[in-house]
Amino acid sequence: MNDNEYPILSEDGKQFCRCRRDGKTILLIAKNCSLSLLQLEEQAMNPEIYRKSRGKKYKKGS
């Protein structure tokens with residue numbers, strides 16, 4: 001871990017992910033992937049983004 005990277009902890013004190021700050025970009029780094037904070041917010045606010053990125057068809061109401 002460098003100076004711009006630090007752990008994000010859950011309420012029980014366990015590491016949830018790591019966070020890296022490079023200028024204006026905030027990157028959340030998990031065990032097998034990473035995601036910018038902006039991408040996380042976009043997906044949390046619009047679940048349709050997830051459905052499109054997975055390339056699967058979903059029934060209405062799912």
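## Salt bridges in a predicted chain

The count of salt bridges, each a side-chain nitrogen of Lys or Arg within 4 Å of a carboxyl oxygen of Asp or Glu, comes to 2 in this predicted model. Residues are numbered from 1 along each chain as its sequence is written. Local features need pLDDT of at least 70 and side-chain atom pairs count only at pLDDT 80 or more, while totals for chains, interfaces and linings use all residues; side-chain values use heavy atoms, without hydrogens and water.

| Salt bridge | N to O distance |
|---|---|
| R18 and E5 | 2.7 Å |
| R20 and E5 | 3.1 Å |

R18 belongs to strand β2 (residues 15-22) and E5 to strand β1 (residues 5-9), so their pairing ties together parts that are 13 residues apart in sequence. E5 and R20 likewise link strand β1 with strand β2, 15 residues apart. Through shared partners, E5, R18 and R20 join into one network of salt bridges.

Accessibility describes these residues further: buried means under 20% relative accessible area, exposed over 50%, and partly exposed in between (1.4 Å probe, protein chains only). E5 is buried at 10%, whereas R18 is partly exposed at 25%. R20 is also partly exposed, with a relative accessible area of 25%.

The chain as a whole contains 2 helices and 4 strands, where helices (H or I, at least four residues) and strands (E, at least two) are DSSP runs numbered from the N terminus. Along the sequence their pattern is β-β-β-β-α-α. Of the 62 residues in the chain, 10% are buried.
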